[in-house]
Amino acid sequence: MASVLGRYGRKWSLGCVSYHKNHLPRFSTVTHSAVPSEPIQQQQAGRSMNLYSAINQALHIALESDSRSYVFGEDVGFGGVFRCTTGLAERFGKHRVFNTPLCEQGIVGFAIGLAAMDNRAVAEIQFADYIFPAFDQIVNEAAKFRYRSGGQFNCGGLTIRAPYGAVGHGGHYHSQSPEAFFCHVPGIKVVIPRSPSQAKGLLLSSIRDQNPVVFFEPKWLYRLSVEEVPEHDYMLPLSEAEVIREGSDITLVGWGAQLSIMEQACIDAEKEGISCELIDLKTLIPWDKETVEASVSKTGRLLVSHEAPITGGFGAEISASIVERCFLRLEAPVSRVCGLDTPFPLVFEPFYMPNKNKILDAIRSTVNY
């Protein structure tokens, strides 16, 4: 299916991988200026590539355009588990692209120090499930670095990349969606792309942003999502949602890999005479409340869908905010179609996932409320 979300074609599998394991500061509360002043030019022709190739190209550009940029993490020297860093060490040298010990707290702690010394630190956490050993460094150090010094110091050049979400066979240690944990933390930004062209532009914006950014990459789409991607250096604004499908009966909000599932539900709903407006949030914190509010004020209904468990998921924050802003315009309760409140299962993954049929049922019940 070719669409604004890209094409989802061949299946792929994650092979077994064995785990082995200068300069002074410019200083990060979150500032809301999205990206530096370079113009956004996404209209130029590109070439067809998948999401991991787009990430790889963005990292090439970041390293080439700024000598202060460094990429590091477990196994990134040979390309990483998903091959997103393939060719970087050979081109830019092992002093700028290098392996680290298997210690997430150490990876992020080192990255904070590197960014505090006026560098662009791009730290890779091999799977988002293993970001939790670094939680203290992200929440208590990176997010508060600027605030605690009254703006004298910062680590705004920090970007933490992590593959997140379902992969088809990852089970409970390689399939989690931990974005809500970090959305609770003032001082960092959380960004999740839905497609190759979005991933490249948003990653370059994140690396060049003056705030620490946690950048979650939907591993399910690394090879499945393919589209035309401009090959030049371009950035997409952070904290700016995108209406990727206009409609009049109900607003659907999501991010990352879930957007393709939601679009399929929108197409099927249209066959039943239900017009769905679909919004990609892209940046979860700070998120674009105005775009979602404007849409819900028009449609009178809202559905939020994400892979993470429903309790305490970021969909709850969106629901509460929109009820506060649009209470008198709502025609039905806000609906959430999310993962279950269980560890992520292996053989029962199809039952856990918020799939097209679950979303379509929620669309019908909300519109017919």
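**Close-up views of a predicted model**

**View 1. Salt bridge between Glu 64 and Arg 91.** The side chains of Glu 64 and Arg 91 meet in a salt bridge, with 2.2 Å from N to O. Glu 64 belongs to helix α1 (residues 51-65) and Arg 91 to helix α2 (residues 88-92), so the pair ties together parts that are 27 residues apart in sequence. A salt bridge is a side-chain nitrogen of Lys or Arg within 4 Å of a carboxyl oxygen of Asp or Glu. Glu 64 is exposed at 52% relative accessible area, and Arg 91 is partly exposed at 46%. Buried means under 20% relative accessible area, exposed over 50%, and partly exposed in between (1.4 Å probe, protein chains only). The structure holds 19 salt bridges.

This is a predicted model, in which local features need pLDDT of at least 70 and side-chain atom pairs count only at pLDDT 80 or more, while totals for chains, interfaces and linings use all residues. Residues are numbered from 1 along each chain as its sequence is written, and side-chain values use heavy atoms, with hydrogens and water left out. Helices (H or I, at least four residues) and strands (E, at least two) are DSSP runs, numbered from the N terminus.

**View 2. Salt bridge between Lys 356 and Asp 268.** The closest N and O atoms of Lys 356 and Asp 268 are 3.0 Å apart. This pair links distant parts of the chain, with Lys 356 in helix α12 (residues 356-367) and Asp 268 in helix α8, 88 residues apart. Lys 356 is partly exposed at 27% relative accessibility, whereas Asp 268 is buried at 19%. Helix α8 (residues 258-271) also holds Ser 260, which is buried with a relative accessible area of 7%.

**View 3. Salt bridge between Glu 277 and Lys 298.** The closest N and O atoms of Glu 277 and Lys 298 lie 2.5 Å apart. Glu 277 is in strand β12 (residues 276-280) and Lys 298 in helix α9 (residues 289-299), 21 residues apart. Glu 277 is buried, with 3% relative accessible area, and Lys 298 is partly exposed at 46%.

**View 4. Open sheet of 7 strands.** The strand order is β4-β3-β5-β6-β8-β7-β13, and the pairing is mixed. Strands β4 (97-99) and β13 (283-285) stand at the edges with a single partner each, so one side of each is left without a neighbour in the sheet. Two strands pair if DSSP finds at least two bridges between them. Strand β7 (residues 189-191) and β13 pair in the antiparallel sense over 2 bridges, and Val 191 has Thr 283 in β13 as its bridge partner.

**View 5. Strands β14 and β15 with helix α10.** Strand β14 (residues 302-309) runs parallel to β15 and is joined to it by 5 bridges. Pro 309 stands opposite Gly 339 in β15. Of the 5 residues of strand β15 (residues 335-339), 4 are buried, so the strand is largely enclosed by the rest of the structure. With helix α10 (residues 314-326), β14 and β15 make a right-handed β-α-β unit (with the strands pointing away from the viewer, the path from the first strand over the helix to the second runs clockwise).
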